[in-house]
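Student: I have a model to look at and would like to learn how to read it, one feature at a time. Could we go through it together?

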Amino acid sequence: MIGFYDYTVIATYIGLASTVFGMTQVIDGRFRTAIFCLALSGLCDMFDGKIARTKKNRTDDEKMFGIQIDSLSDVVCFGIFPAMIGYVLGVKGIFGGLIITFYCVAAVIRLGFFNVLETGRQQVEGGGNKYYHGLPVTSIAVILPLVFLLNFLLPTGMIEYVLMGTLLLVGILFIVDFKFKKPTNKQLSVLVLIVACAVITNMFFSEYHIKHTIEREKPLIQTLEDNK
């Protein structure tokens, strides 16, 4: 079997599996479960590099394989998946389609550029990089759950426009070249706690309804009432 199979890649695969399951949920209109899956994928990505670096005898091929599968998984987890969530929740039409397309292209550019820099860096030094160039794509796993908290405050129909603005702004920050210092372990712990609270709040207290899901359920509701 091709590939490298050891514990250093487990977190990456778990995050990808969570995303694939989340995609099935958002297609079925279960956006709360999808947001949970996005946050879980972000958590896995947060620690996969730390886990990989605990293996001190990795070969160069194993290191390069880890870089590649991490970025390929990130395209799905933090590029395509958030775009799907945005589309289902109302980022549609010509303008919405352009924003989603731009977001995905920016995510791919960001990850491709990361691969170039990281491959070169690994050849001259080991360990993890201390800075990001541009906003890391994983950040959407933090931003999106927090944005959804606004559905408690905004009037009906406004969250779609907020999502449009969020995807556009985050996509721009993916490709703007600025140095962003990696958070410390203490900062990561606080971040995980904040996102966990946002996900739990959305899952158990949000009453936001997806338009197409409501429309799809109307014939069923009418049929049940007619049969009474």
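Student: What share of the contacts in the protein with a separation of 6 or more comes from residues 24 or more positions apart?

Tutor: A contact here means heavy atoms within 4.5 Å, and residues 24 or more positions apart account for 85% of the contacts in the protein with a separation of 6 or more. Please keep in mind that this is a predicted model, in which local features need pLDDT of at least 70 and side-chain atom pairs count only at pLDDT 80 or more, while totals for chains, interfaces and linings use all residues. Residues are numbered from 1 along each chain as its sequence is written, and side-chain values use heavy atoms, with hydrogens and water left out.

Student: How many helices and strands are there in the protein?

Tutor: Helices (H or I, at least four residues) and strands (E, at least two) are DSSP runs, numbered from the N terminus. The protein has 8 helices and 2 strands, and from the N terminus on they follow the order α-α-α-α-β-α-α-β-α-α.

Student: How should I read the packing of two helices, for instance H2 and H7?

Tutor: Two packed helices are described by the angle between their axes and the distance between the axes. The axes are lines fitted to C-alpha atoms, for helices over the stretch in contact, and the angles run from 0 to 180 degrees between N-to-C directions. For H2 and H7, the axes come within 9 Å and cross at roughly 165°, which makes H2 roughly antiparallel to H7; angles under 35 degrees count as roughly parallel, over 145 as roughly antiparallel, 65 to 115 as roughly perpendicular and the rest as oblique. Among the residues that meet are Ile35, Phe36 and Leu43 in H2, and Leu188, Val192 and Asn202 in H7.

Student: At what angle do H3 and H5 pack?

Tutor: Helix H3 (residues 60–88) and helix H5 (residues 140–148) pack at an angle of about 15°, with their axes 11 Å apart, and they are therefore roughly parallel to each other. On the H3 side, Phe78, Pro82 and Ile85 meet Ile140, Ala141, Leu144 and Phe148 of H5. By class, the residues of this contact are 7 nonpolar, no polar and no charged, where Ala, Val, Leu, Ile, Met, Phe, Trp, Tyr, Cys and Pro count as nonpolar, Asp, Glu, Lys and Arg as charged, and the others, Gly among them, as polar.

Student: Which residues touch the most other members of the largest nonpolar core?

Tutor: A nonpolar core is a set of buried Ala, Val, Leu, Ile, Met, Phe, Trp, Tyr and Cys residues joined through side-chain atoms within 4.5 Å. Of the 39 residues in the largest one, Phe81, Ile85, Phe148, Leu163 and Phe174 touch the most other members, and H4 gives the most to this core, with 7 residues. Leaving out residues up to four places away in sequence, Phe148 touches Phe31, Ile35, Ile85, Leu89, Leu163 and Asn202.

Student: Is Asp45 buried or exposed?

Tutor: Buried means under 20% relative accessible area, exposed over 50%, and partly exposed in between (1.4 Å probe, protein chains only). Asp45, found in helix H2, is buried, with a relative accessible area of 14%. Not counting residues up to four places away in sequence, Asp45 touches Asp70, Asp74, Phe78 and Thr138.

Student: And which residues is Ser71 in contact with?

Tutor: Leaving aside neighbours within four places in sequence, Ser71 is in contact with Leu111, Phe114 and Asn115. Ser71 lies in helix H3 and counts as buried at 4% relative accessibility.
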